[in-house]
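Visitor: Can you walk me through this one? I'd like to start with the helices.

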Amino acid sequence: MAHASDCRKRYVGAACAVAALLLPSLARADEPVLENTLGMRFVRIPPGEFEMGRSEPVETLATRFPRYPIERLRALDDENPVHRVRITKAFYLGQHEVTVGQFRRFVRRSGYVPESVRDGTGGYGYDPDHDPAKSPRGDVFAGRDPRYSWSDPGFAQNDDHPVVNVTWNDAIALARWLGEREGAVYRLPTEAEWEYACQAGRATLYPAGDEPESLLGIANAYDAA
């Protein structure tokens, strides 16, 4: 989901949340929803084909997102070119993001210590008094700080909220533990599998349409201000 070590925090839950929004339209009514020992629900994603990637030039993106630095838009070039991808086998994907409660049950039952705690560097967190201009690295958000972790991101959460400050290694550990416990194969989806599920058979640029404004009603979008 996120591969650079400095960017791994917080991404697992976010990616699953997007998939959860679109998966119901791919699941057939006559196919069961599976539930595992942590209470995670999975739906069957059928095989098929889709167009992966994007075709918008940087100039178009700059017009659509005028408040974003052009350097960030140029960094999206690695999604070119648009190409057709075939998913040849059905698979089950989490219907919702992993919750705080589910991750807590995993930690308690397995004895696993998440990276944000184990390496002492902490995670990212919300601090209403944080000033990016005064941050040594210019971080938009407060962190990395040992006071922040999956169990305390600096804002209130209950067991039904998506878990954050979870690294790629944490997700791999969860999948491995579930596999050993249940005798099933658990793994993270490939980039193609995840994008295929998120598109859910749609051909629009964004889940709700072709205009960026369509994201405001369905997504927790980054505030460019």
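Predicted model: local features only at pLDDT ≥ 70, side-chain atom pairs only at ≥ 80, totals over all residues.

Visitor: Which residues of helix H4 are buried?

Guide: In H4, residues 100–110, they are Val100, Gly101, Gln102, Phe103, Phe106 and Val107. Buried means under 20% relative accessible area, with a 1.4 Å probe and protein chains only. Helices are DSSP runs of H or I, at least four residues, numbered from the N terminus.

Visitor: What covers them?

Guide: Helix H6 (168–182) is included in the cover.

Visitor: How do the axes of H4 and H6 cross?

Guide: They come within 11 Å and cross at roughly 65°. That makes H4 roughly perpendicular to H6 (65 to 115 degrees). Axes are lines fitted to C-alpha atoms over the stretch in contact, with angles from 0 to 180 degrees between N-to-C directions.

Visitor: Which residues make the contact?

Guide: From H4, Phe103, Phe106, Arg109 and Ser110; from H6, Asp170, Ala173, Leu174, Trp177 and Arg181. Contact means heavy atoms within 4.5 Å.

Visitor: New topic. What comes just after H4?

Guide: Gly111, with a positive phi of about 80°.

Visitor: And just after H7, which residue takes a positive phi?

Guide: Ala200, at about 50°. H7 itself spans residues 191–199, and its buried residues are Ala192, Glu193, Glu195, Tyr196, Ala197 and Cys198.

Terms used. Residues numbered from 1 in each chain as written. Heavy atoms only, no water. Buried < 20%, exposed > 50% of the residue type's maximum accessible area, 1.4 Å probe, protein only. Helix = DSSP H or I, 4+ residues; strand = E, 2+ residues; numbered from the N terminus. Parallel < 35°, antiparallel > 145°, perpendicular 65-115°, else oblique.
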